[in-house]
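Subject: Structure handover

Hello,

Please find the structure below. My notes on it follow.

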Amino acid sequence: MSKAAPGRRPDSAQGRSRSRALVAERALHASNTLLQALTEAQLEFIGGSDAHLLFDKLLTVLLELTESEYGFIGEVLRDAQGTPSLRSHALTHELRDLQTLFGRVLTTGEPLVANEPNPHAGGLPAGHPPLNALLGLPLKSGDELVGLVGIANRPGGYGPELIEFLQPFVATCCSIILGRRGREQQKHTEELLRQREEELQRHRDHLEELVQSRTESLLHTTVALEERQAQLLHSERMASLGQLVAGIAHEINNPLGYITSNLATLTQYLSVFTGLLKLHRELADGLGPELQGPRAELLERIRSLEQQEDLDYILGDVNELLSDSREGAHRVADIVQSLKAFVREDSKQPELVDVNKELATTLKVVWNQLKYRCEVKCDYAQVPPILGRPAQLNQVFTHLLLNAVQAIPERGVIHVTTLHEGDEVLVRISDTGHGMTPEVLSKIFSPFFTTKPPGKGAGLGLSISEGIITSHKGRIEVQSQFGQGSTFTVRLPVAKDL
């Protein structure tokens, strides 16, 4: 045997290479053909074509690509007891008794591959053509067997590669069957709807008469409900304000107390000044060329009084007292101003709001409710303005702060934080109170739900707060664990450029 020339492969190697290239080319052509057929079938089905015609076309393509003689595409039906049966949508007439041939696929839902001569020969009906190889593939949607694809008599039999190649075909057939069922169900539903519409139409005239007669009553009821809702909202806010009024009066009495005390002390000092000035006048009246006798005694009395009353201290203390008085007056004005801001009339129109400023205002108003039971820590970040209604936001902050302090059994901490995250301004109010169970947490925003004793709350605070924040295109989030406190986070959108 002669050797091949250097740099060239033997003829047998070249032949194998060409053979592999040919196999690859055929495989690519088969894949393209299958893909085109499946795509056309799906488009035609979407366009409303009959499923039986599509299955006939698909079965023809399947037989050509697999070089099989016989085949079918069928749907699995089940009776009331769940027993499966086959209904063929496309079938070569030579392939008969599908239940016998593919019964194992029906019962197991797994592929059937039989490459022995005359599979199921003992169970074939008389006159049935011989079967040299058989492949049955289930059409499944999840765990449900919706149909079968079967082919027979392929030269060389069937193997895993072919099963893998046919998976897109199987999926397409399954989707068409499911789509066909959907269409049938839709038709059935439309027919039921048509029948019900006719029945409803028969009652419509009678109902219109009843509706007309009750419209006036419903209108009165609606107005009454709206009034009741407004009363509840007003009562809830008034209840909060009522709790605050006592605290505000107490806060006003404190600065007024030391203003009054300082003024009384200042009056005493002024009486000293008046006496001293009187003595000075007497001394001036009695002065002569020589300072003797009563005049010398008067001068001594003046000096004695200055020493006794410590005139230098009095003169120095007057300024401090006046400063304290001014501070007290300033506190009174600050509290009153905060109260005015808190209870100011809602303008009904959104405006640019500084969240930090509104939080500070609210804290001043509710401070008397907080200071005896908790320490308040504020961590305000520099945040952009939001577009909202300040009076409503103050109402929300009041509810959250009062709920926080009421959740603290004896002494605790409330942490108020503001943040700027993306397009939102965040207000977090955390407490070290008793927290909430998952059951309570799931109901806190429900109207009239409260954990307080009867008469202590209407259960509308958080429900109203959620409605207010929702109207501001924001949301309230809550995190809580029983025994470890709660955190409410209010998210409000940043005001866009106007």
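Is Arg 491 buried or exposed? Arg 491 is buried, at 13% relative accessible area, where buried means under 20%, exposed over 50% and partly exposed in between, with a 1.4 Å probe and protein chains only.

Some ground rules. This is a predicted model, in which local features need pLDDT of at least 70 and side-chain atom pairs count only at pLDDT 80 or more, while totals for chains, interfaces and linings use all residues. Residues are numbered from 1 along each chain as its sequence is written, and side-chain values use heavy atoms, without hydrogens and water.

Salt bridges

Arg 491 forms a salt bridge with Glu 421 (3.7 Å, N to O); the term means a side-chain nitrogen of Lys or Arg within 4 Å of a carboxyl oxygen of Asp or Glu. Glu 421 lies in strand E9 and Arg 491 in strand E12, 70 residues apart. Glu 421 is partly exposed at 36% relative accessibility. Helices (H or I, at least four residues) and strands (E, at least two) are DSSP runs numbered from the N terminus.

The count of salt bridges comes to 15. In another of these pairs, the closest N and O atoms of Arg 87 and Glu 75 are 3.0 Å apart. Arg 87 belongs to strand E2 and Glu 75 to strand E1. Glu 75 is buried at 3% relative accessibility, whereas Arg 87 is partly exposed at 32%. Shared partners join Glu 75, Arg 87, Glu 144, Arg 180, Arg 181 and Glu 184 into one network of salt bridges.

The sheet

E9 and E12 belong to an open sheet of five strands with mixed pairing, in the order E7-E9-E10-E12-E11; two strands pair if DSSP finds at least two bridges between them. E7 and E11 (475–480) are the edge strands, each pairing on one side only. E11 and E12 are antiparallel, over six bridges.

The core

The largest nonpolar core has 37 residues, of which Leu 370, Ile 414 and Phe 488 touch the most other members. Such a core is a set of buried Ala, Val, Leu, Ile, Met, Phe, Trp, Tyr and Cys residues joined through side-chain atoms within 4.5 Å. Elements giving two or more residues to this core include strands E7, E9, E10 and E12 and helix H10 (390–406). H10 gives the most, with eight residues. A second, separate core of 30 residues includes Leu 38, Leu 62, Ala 133 and Cys 173.

Regards
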